[in-house]
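Open the structure in your viewer and keep the sequence beside it. Each stop below says what to select and what is there.

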Amino acid sequence: MKGFVDKEACIGCGMCTAICPKVFIMDQDGLAKAKDIDIPEEDMEAAKDAELQCPVEAIKVE
Ligand code: SF4
């Protein structure tokens, strides 16, 4: 499974990077991006939580 951020939707609130910093980081443009990694099993719960909690539903974990 991987994380994806829709930059058209992201408002740069930083929530996902706080919830799951192993997968989501802030990009130079001030918006989040997902690292190009297969999400480790131990980080799946946090990644899914970030997906759920993003206020603009910009995250997909699939
Ligand atoms: S939680 Fe959503 S809106 Fe906030 S930085 Fe992450 S992707 Fe962007």
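This is a predicted model: local features need pLDDT of at least 70, side-chain atom pairs count only at pLDDT 80 or more; totals for chains, interfaces and linings use all residues.

Residues are numbered from 1 along each chain as its sequence is written, and side-chain values use heavy atoms, with hydrogens and water left out.

**Stop 1: the ligand**

**Stop 2: the cavity**

How many cavities of 30 Å³ or more does a search of the whole structure find? The search finds 1. A cavity is a set of points, on a 1 Å grid over the protein atoms alone, where a 1.4 Å probe fits but cannot get out. The largest cavity has about 90 Å³ of space, a volume being the space filled by probe spheres set on the points. Of the 14 residues that line the largest cavity, Cys 10, Cys 13, Cys 16, Ala 32 and Cys 54 are the closest to its centre; a lining residue has an atom within 4 Å of a point. The lining divides into 12 nonpolar, 2 polar and no charged residues. The ligand sits in this largest cavity, meaning that more than half of its atoms lie within 2 Å of the grid points.

**Stop 3**

Now select Lys 35, in the loop between strand E3 (32-34) and helix H2 (44-53). Helices (H or I, at least four residues) and strands (E, at least two) are DSSP runs, numbered from the N terminus. Beyond its neighbours within four places in sequence, Lys 35 is in contact (heavy atoms within 4.5 Å) with Pro 21, Lys 22, Val 23 and Ile 25.

Asp 43 is also in the loop between E3 and H2. Is Asp 43 buried or exposed? Asp 43 counts as buried because its relative accessibility is 8%, and buried means under 20%, exposed over 50%, partly exposed in between (1.4 Å probe, protein chains only). Lys 35, at 31%, therefore counts as partly exposed.

**Stop 4: Asp 6**

Last, select Asp 6, in the loop between strand E1 (3-5) and helix H1 (15-19).

Notes: On a 1 Å grid over the protein atoms alone, a cavity is a set of points where a 1.4 Å probe fits but cannot get out, and a pocket is an open set with protein on both sides within 12 Å along at least five of seven lines; lining residues have an atom within 4 Å of a point. Ala, Val, Leu, Ile, Met, Phe, Trp, Tyr, Cys and Pro count as nonpolar, Asp, Glu, Lys and Arg as charged, and the others, Gly among them, as polar.
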